[in-house]
Amino acid sequence: MVVSCLSSGATAAQDPSSFEARAEYLYRRMDQGGVPSRMLIAMLGDQYPETRVLAVRTVATSADPGRALLLSRYARDLDLRVRYEVMIAAGRLGPAGRDIAFVGLGDIIARVRQAAAWAACHGGDDALQPLMQRMAAEGDIGVRATALANLWRFGEAPWEGYADSATQSDHAQLRLSLI
């Protein structure tokens with residue numbers, strides 16, 4: 001019985017149209033130093049969201065600012081897991097990922113916006129003012145708390161005033177995010 005389960009799993013991995021085969025390819029290419037852009041572009045339309053998630057993760061492993069355009073295309077994916085991973089990758093790009101992060105701040109899913117707030121905090125000092133304007137209108141406390149907890153990443157930008165005003169918040173989560 002165990003043998004039949006194992007053999008069916010091995011067969012699925014051999015099928016080039018299976019998710020397992022795609023994942024195996026992506027992991028192998030990550031170990032070898034990266035996936036060619038043409039393959040990542042082809043995977044934009046992959047039927048498996050998990051494949052698209054892994055494709056975005058491969059982009060995030062190199063933190064190559066030249067891949068920002070590719071990430072912006074993945075940011076429009078219908079699957080929230082893909083968009084979430086795009087925001088993490090955008091944060092790894094630093095200032096080159098700032099525009100992608102600000103697109104993510106407009107997502108309908110709070111988890112994606114939360115990752116976008118984290119990414120925006122990696123976008124350089126110029127991102128502070130627009131981020132705080134967006135956070136003033138943000139309805140989800142978790143998204144706002146993530147932005148506040150990462151204000152220190154702005155370094156020389158005058159972020160202390162935003163942190164000070166949050167200490168007066170009625171929301172304990174916002175106050176705790178500053179600790």
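Predicted model: local features only at pLDDT ≥ 70, side-chain atom pairs only at ≥ 80, totals over all residues.
Student: How do α6 and α8 lie relative to each other, roughly parallel or roughly antiparallel?
Tutor: Their axes cross at roughly 5°, and angles under 35 degrees count as roughly parallel, so α6 and α8 are roughly parallel to each other. The two axes come within 8 Å.
Student: Which residues make the contact?
Tutor: On α6 they include L80, Y84 and M87, and on α8 they include V112, A115 and W118. By class, the contact has ten nonpolar, one polar and three charged residues.
Student: New topic: where is I109?
Tutor: I109 sits in the loop between α7 and α8. With a relative accessible area of 27%, I109 is partly exposed. Beyond its neighbours within four places in sequence, I109 touches L80 and R83.
Student: And how many salt bridges are there?
Tutor: A search of the whole structure finds eight. One of them joins the side chains of D46 and R22, at 2.4 Å from N to O. D46 is in the loop between α3 and α4 and R22 is in helix α2, so the pair ties together parts 24 residues apart in sequence.
Student: Is D46 buried or exposed?
Tutor: D46 counts as buried, because its relative accessibility is 10%.
Student: What does D77 pair with?
Tutor: D77 forms a salt bridge with R52, at 2.5 Å from N to O. D77 lies in the loop between α5 and α6, and R52 in helix α4. Both D77 and R52 are buried.

Note on methods: Residues numbered from 1 in each chain as written. Heavy atoms only, no water. Axes fitted to C-alpha atoms, helices over the stretch in contact; angles between N-to-C directions. Helix = DSSP H or I, 4+ residues; strand = E, 2+ residues; numbered from the N terminus. Parallel < 35°, antiparallel > 145°, perpendicular 65-115°, else oblique. Contact = heavy atoms within 4.5 Å. Nonpolar A, V, L, I, M, F, W, Y, C, P; charged D, E, K, R; others polar. Buried < 20%, exposed > 50% of the residue type's maximum accessible area, 1.4 Å probe, protein only. Salt bridge = Lys/Arg side-chain N within 4 Å of Asp/Glu carboxyl O.
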